[in-house]
Amino acid sequence: MSERALNKAESPALEAWRIFRRNVPALIGVVILTVIVLATLYGSFIYTGDAFEIVWAPHEPPGVTPDFPLGTDYLGRSVVAGMLTGGGPTLAVGAAAAAITMVIGVTLGALAGFHGGWVDNLLMRITEFFQVLPALLFAMVLVTLFSPSLLTIAIAIGVVSWPQTARLTRAEFLKVKELEYVTAARAIGARDARIIWKVILPNAAPPLIVSATLTIGVAILFEAGLSFLGLGDPNVMSWGLMIGANRDYILDAWWPVTFPGLAIFLTVFAVSLIGDGLNDAFNPKMRER
């Protein structure tokens with residue numbers, strides 16, 4: 001059997017994986033993200049310490065004291081402890097906000113694309129209303145009203161980020177619902193709910209998976225921005241909170257801001273590389289090549 005015939009015989013998932021694993025930038029993204037996740041999960045077992053505990057003199061430069069290789073912040077707290085402790089909440093907020101975004105966006109977009117008519121018009125008008133709102137300002141209002149916490153920050157980010165996902169889902173449903181297997185499902189008496197969630201959605205999933213991946217990076221940046229503005233949870237250490245707490249001293253001590261900022265950059269960069277790799281893997285034109 002020729003290689004071309006073998007590729008055609010592969011399942012879509014195996015074919016996507018074959019393309020993804022040949023994408024060097026995407027694999028680099030996987031490695032970077034894996035290292036970051038492992039560091040946030042197990043780094044505290046290697047480097048013990050409370051991120052909020054004052055352990056040394058303020059603004060100790062990196063590399064001067066072996067116990068604090070990344071130095072200390074303006075209060076004398078260990079930057080390493082903050083990095084290892086703050087990674088978990090930052091990633092958790094990003095993942096939770098992306099999940100909320102996908103749930104709202106996919107649900108509304110699926111209903112709009114499947115039913116059409118007045119349902120489509122109503123849901124798209126709601127989508128346009130949220131899309132024209134200033135996202136950061138609206139998120140700030142929501143967090144302020146319900147008090148800053150990881151949950152309220154994730155919900156606020158999800159509430160302001162779903163319109164693009166809804167539009168993407170609607171477009172996919174409009175395209176897929178006219179295909180023969182959907183018509184066959186209607187002909188055998190399948191209910192609308194089953195057609196939406198069991199028949200159309202799995203076949204419209206590839207671009208939504210890519211969107212979900214990229215949404216995680218956007219949510220992480222959003223959380224960092226809110227924390228920088230002083231709207232993060234003051235009782236939970238995060239990379240954004242580290243940047244926000246030390247921003248007034250950046251000219252005197254660059255390290256408490258630079259290291260968490262670099263961690264955010266690498267995380268978002270890795271997620272973007274993975275998202276681009278998934279986009280290529282699920283792209284039919286890439287499969288033909």
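Me: At what angle do helix H3 and helix H12 pack, and how far apart are their axes?
Reply: This is a predicted model. In it, helix H3 covers residues 24-46 and helix H12 covers residues 255-282. The two pack at an angle of about 140°, and their axes are 8 Å apart.

Me: Is the crossing of H3 and H12 left-handed or right-handed?
Reply: Residues of H3 that take part in the contact include Gly-29, Leu-33 and Ile-36, and those of H12 include Leu-266, Phe-269 and Gly-277. The contact residues divide into 13 nonpolar, three polar and no charged. The crossing of the two helices is left-handed.

Me: How many nonpolar, polar and charged residues are in the contact of H4 with H10?
Reply: Helix H4 (residues 79-115) and helix H10 (residues 192-228) pack at an angle of about 145°, with axes 7 Å apart. H4 passes H10 in a right-handed crossing. By class, their contact has 20 nonpolar, seven polar and two charged residues.

Me: Is Ile-264 buried or exposed?
Reply: Ile-264 lies in helix H12. Its relative accessible area is 6%. Buried means under 20%, so Ile-264 counts as buried.

Me: Which residues is Ile-264 in contact with, leaving aside its neighbours within four places in sequence?
Reply: One of these residues is Ile-220, which is 44 residues from Ile-264 in sequence. In space the two are 7.4 Å apart, C-alpha to C-alpha. With those neighbours left aside, Ile-264 is in contact with Ile-220, Leu-221, Ala-224, Trp-239, Gly-240 and Ile-243.

Me: What share of the residues in the protein is buried?
Reply: The C-alpha trace spans about 75 × 55 × 30 Å along its principal axes. The protein exposes about 15100 Å², and carbon and sulfur atoms supply 67% of that area. Of the 289 residues, the buried share is 44%.

Me: What share of the contacts with a separation of 6 or more is between residues 24 or more positions apart?
Reply: A contact here means heavy atoms within 4.5 Å. Among contacts with a separation of 6 or more, residues 24 or more positions apart account for 70%.

Conventions:
Residues numbered from 1 in each chain as written. Predicted model: local features only at pLDDT ≥ 70, side-chain atom pairs only at ≥ 80, totals over all residues. Heavy atoms only, no water. Axes fitted to C-alpha atoms, helices over the stretch in contact; angles between N-to-C directions. Helix = DSSP H or I, 4+ residues; strand = E, 2+ residues; numbered from the N terminus. Left-handed = near helix turned anticlockwise from the far one by under 90°. Nonpolar A, V, L, I, M, F, W, Y, C, P; charged D, E, K, R; others polar. Buried < 20%, exposed > 50% of the residue type's maximum accessible area, 1.4 Å probe, protein only. Areas by Shrake-Rupley, 256 points an atom, 1.4 Å probe, with all protein chains shown as cover.
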